[in-house]
Amino acid sequence: MIPSVDVFIMGAGPAGLCAALRLQQLGYRVALIERSSRWPRPQIGEALTPGVKNIIDFLDANQALEKVPHLARLPTCLRWQSHTPEIVAHSNSAVVNRAAFDAALLQLACERGVQVYQPASLTNVSGQAGAWQLNFNTPTREQQIQACFILDARGRSPQHIACAPRLSASWVELAHTDIPVGLAHLTQVEAVEHGWLWGTHLPDKRYRVMLLCDPATQHQLMPGRPEVWLRANCASSQLFAAIAELPFAGRLQACSATPYLAYDSWQEGRLKLGDAAFALDPISSSGVEKAMRFSLQAVIAIHTIHHTQQASRHELAREFFQRRLIETCARHSLWTQRYYAQVWCSHHAFWRDRAVPYPRTLKLTANASTHALFDALQQEFERLQNYRQPELKRQPFLREHQAIRFSRDVKIIKAPCVMNDQVQLWPALQHPHLESPLAFLENEALLPRLNILSHQPTLAAVLGILSQSMSIHKARRLLEWLWQRGLLEATH
Ligand SMILES: Cc1cc2nc3c(=O)[nH]c(=O)nc-3n(C[C@H](O)[C@H](O)[C@H](O)COP(=O)(O)OP(=O)(O)OC[C@H]3O[C@@H](n4cnc5c(N)ncnc54)[C@H](O)[C@@H]3O)c2cc1C
């Protein structure tokens, strides 16, 4: 008999591992294959944002990561907006050894019962959603497995819509003993004419310096000489000039770093995660966090589908997945565009091209679903770009005897919300001052509780009702939050 699992995952990076651990927590039977025969395998993406810690807590994986070599809370010396560098503190961020980080999570997945095959390579997929049949090779034999869902977390995807002009990364490592004292215990980031430089100490006593630039510029100015190009950029900088002539401890490595949104991340029963679904500009160092976060959202979509036969709930899960995907890409594109616009050398072509919305284009051969994805991405980008945070009311909050109601611009709609690890439609407030529909505030469902406002009760009466299920202080805070943003008003 062919063995079967609920979910088959390809790729043991943060995206695949996060999905595997979460699915296992929810009681699914999971198999995971990893292609790399070298394990732990080296990987870039070693500066982790504070949100990764929350996800690790959520996955109950702290203990497994205790021994992973890391440097915590390195401040950044940043030369970005002005010629003068500034020091930016980072609490809860870390530079980890990614090989060890991924290996520790894979080991944990294994210990928790995920069936891990490494190295293994997929040879064939047949069947359909709910009944996939997968063939893969391990060093000893060919294996077969059946699965309801397939998750593709194999890293960067070639089939995509570019979200920004082309960007390439090239990097080298240096012996930490060669590094000037002034660069110790700091990460350095500097905007230079043709791109930006990033440098940091790694936990294993190496120092890495990386250049992000337009590959066409390098090709034009220094074709075929990437090391010389990297050194020249260091030499032209303020923070890296001292290392421009130092010997490299290994060969130069390079990869594409162009942000994108992949095609077809949702096919029935077959989803893409992490870099297989989208890649962000590395300037935010948040790729790992966003990849893991998106995996948690994909698990919610799977969990929803698994628990119901209702076509409408399946459609809701698909919408939820697509919206999170598009929102992640559009939000990051907009943030990057605004951040790139701030540099001291913004008049140079590299920065000019990136400080404006990117004219995304589609291949003429693109199919209908790719066109729909493309349009949705454009719309989301424009929606976020046009959104303006409201000015908060400064006058004292309403008095308890005052009658209150929702402002006329408030609409009550049904929005997809996550409840009990599934997507459900739940009533939410919509208002021009809100960036997106609001169903929960401080983990409290606002509706149907606040339906009482249709009777224009006094503030004291609403506080009385809310405080039956939360503290009076919290109830007051929630109402004040709505009032400050113009969603709540006195009747006269
Ligand atoms: C230049 C650059 C710098 C970056 N710096 C940072 C940073 O500082 N901080 C940060 O948070 N993010 C950073 N990122 C982003 C980060 O590296 C990625 O977002 C993150 O690694 C994505 O995780 P993933 O699991 O999707 O993919 P990956 O980490 O790429 O993992 C994919 C896994 O799938 C395996 N695989 C591939 N093909 C197959 C196959 N056919 N079968 C089975 N397994 C397969 C691979 O061996 C690998 O183990 C950077 C990205 C770039 C390009």
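A residue counts as buried when its relative accessible area is under 20%. Keep that cut-off in mind as you tour this predicted model.

**Start with the whole chain.** Show everything as a cartoon and look for the 12 helices and 27 strands of the protein. Turn the view along the principal axes: the C-alpha trace spans about 75 × 65 × 50 Å. How does the radius of gyration fit a compact globule? A compact globule of 492 residues would have a radius of gyration near 23 Å, and the 25 Å of the protein agrees with that.

**Switch to a surface.** The protein exposes about 23400 Å², with carbon and sulfur atoms supplying 50% of this area.

**Trace the contacts.** Take the contacts between residues at least 6 apart in sequence: 68% of them join residues at least 24 apart.

**Colour the charges.** Select the 49 positive and 40 negative charges; their mean positions lie 2 Å apart.

**Finish with the cysteines.** How many disulfides does a search of the whole structure find? The search finds zero. Next, select Cys329, which is in no disulfide either; here the nearest cysteine sulfur belongs to Cys163, 4.9 Å away. For a disulfide, the two sulfur atoms would have to be within 2.5 Å. Is Cys329 buried or exposed? Cys329 counts as buried because its relative accessibility is 3%.

How values were computed: Residues are numbered from 1 along each chain as its sequence is written. This is a predicted model: local features need pLDDT of at least 70, side-chain atom pairs count only at pLDDT 80 or more; totals for chains, interfaces and linings use all residues. Side-chain values use heavy atoms; hydrogens and water are left out. Helices (H or I, at least four residues) and strands (E, at least two) are DSSP runs, numbered from the N terminus. The radius of gyration is taken over C-alpha atoms; the globule rule is 2.2 Å times the number of residues to the power 0.38. Contact means heavy atoms within 4.5 Å. Accessible areas come from the Shrake-Rupley method with a 1.4 Å probe; for residues, only the protein chains shown count as cover. Lys and Arg count as positive and Asp and Glu as negative; His and the chain ends are not counted. The place of a charge is taken as NZ of Lys, CZ of Arg, CG of Asp or CD of Glu. Buried means under 20% relative accessible area, exposed over 50%, partly exposed in between (1.4 Å probe, protein chains only).
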